[in-house]
Amino acid sequence: MLELLEGNSILQAVLVFMWVVYIWESYLASRQRYLAKTVPDSLKDVLDQETFTKARLYQLDKSTFGFWSGLYSQVETTLILVLGGIPFLWGVAGTCRDKLGYGSDYEIIQSILFMLLAMVYSTITSFPWSVYSTFVLEEKHGFNKQTFGFFIKDTIKKLLLITIYADYIAPLFDKFTPLPEGELRTKIEELAKSIDFPLTKLFVVEGSKRSSHSNAYFYGFFKNKRIVLFDTLLEDYTPINEKKEGEVEKKEGEGEKKESKEGEEENISEKSNENDNKETEEDEVKEKKEKVETKARKSQGCNNEEILAVLSHELGHWYLNHILKNLIISQVNTFLCFMVFAFLIKRSELFTAFGFSVEPTLIGLLIIFQFIFSPYNESSINHNP
């Protein structure tokens, strides 16, 4: 096959396939925009029209954003391939290697520098899209809880820290606290016990400081499993950041009352009555605000039975050994891919097609796994249950 596709023909085949897949997926996505404008009959008992409409409008905006960001990504990738962006970046990595005092024999050093430069480039070019997604799209629909400074700090952490996520990295981004004793904790423990799930810890993560989206997951090896619930998933749980704000407001309120009390001793009784009325009005406003926030949180969160249903789905994957099965399939797939890679890496025409006169191993991995294997990758993704 490769004997028939040499030089630019290989690159052209990759580009054609890439654009055919993008156009087809965009067409399928566009068809979804005009479906299900009202609540399906099967969901009318559990979903009202107002909630359905909000969800639908959110998905429409995400679809529009996905189209334009996807188009940008396709054009960017095409220009990089056609204009020789990958060989250029490899050359920059080589220049950096030389300045560090290493010769051309140090391919591993150059490969590491290439990966770092590619990561920095990717972070910079994707940054505007991330900002728009967070502070325009998510903000519009009431999901974003981040400040811009917090967003920047998160981005820097993600850029610098890559490994040891569960025990060391995740706590740097989020605050994990044990789920308080109560009916929900008892039911979750009973659910885990009923299927012999080795639950050792049960956490609530402070997801509300970023977004009001909800999630739940478990992690851990062997007999040391932990379940994590987002605070936004819990109907009657006050997010940690709101607790802190409430405590600050309470202290400020007490301070104001103390100052007001001292002032009352010095002022005439008429002014004292005015202050009392003002305090009463402020208390009523705060009380109404708290009720609105509680109602909004309950409308977004789930009750205990719904949370157990979510966890039952996740624990079902563990009980039916889906994780182990997928791991085995993944390992077999990886072995077969590297077996094919071992044959293709020797083909110099692959490197020539992408603008290289040398044959670095890292570049061979990039070309083969990202571009040559793209038809196989698309078929395996679309058939993944």
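**A first look, in questions**

Q: Which residues does UniProt list for "transmembrane region" in this predicted model?
A: The model is a predicted one. The listing comes from an unreviewed UniProt entry, and such annotations may be inferred rather than shown by experiment.

Q: How far apart are the end C-alpha atoms of residues 351-373?
A: Start with the listed span 327-345: it is 95% helix and 0% strand, with its end C-alpha atoms 26 Å apart. Residues 351-373 are 65% helix and 0% strand. Their end C-alpha atoms lie 15 Å apart.

Q: Which helix holds Ile 328?
A: Ile 328 belongs to a nonpolar surface patch, along with others including Leu 324, Val 332 and Phe 335. Together the patch has about 810 Å² of accessible area. As for the helix that holds Ile 328, that's α11 (residues 322-344).

Q: Is Gln 110 buried or exposed?
A: Gln 110 sits in helix α4 (residues 107-140). Leaving aside neighbours within four places in sequence, Gln 110 touches Trp 90, Ala 93, Gly 94 and Arg 97. Buried means under 20% relative accessible area. Gln 110 has 7% relative accessibility, so it counts as buried.

Q: What is the distance between the end C-alpha atoms of helix α2?
A: Helix α2 covers residues 49-82, which is 34 residues. At 1.5 Å a residue, α2 should span 50 Å. The model agrees with that, because the end C-alpha atoms of α2 are apart by 49 Å.

Q: Which residue just after α2 takes a positive phi?
A: Within α2, the buried residues include Phe 52, Arg 56 and Leu 81. Just past the helix, a positive phi of about 80 degrees turns up at Gly 84.

Notes. Residues numbered from 1 in each chain as written. Predicted model: local features only at pLDDT ≥ 70, side-chain atom pairs only at ≥ 80, totals over all residues. Heavy atoms only, no water. Patch = residues over 30% accessible without salt bridge, like charges linked within 9 Å, V, L, I, M, F, W, Y side chains within 5 Å. Areas by Shrake-Rupley, 256 points an atom, 1.4 Å probe, with all protein chains shown as cover. Salt bridge = Lys/Arg side-chain N within 4 Å of Asp/Glu carboxyl O. Helix = DSSP H or I, 4+ residues; strand = E, 2+ residues; numbered from the N terminus. Buried < 20%, exposed > 50% of the residue type's maximum accessible area, 1.4 Å probe, protein only. Contact = heavy atoms within 4.5 Å. Expected span 1.5 Å × (residues − 1).
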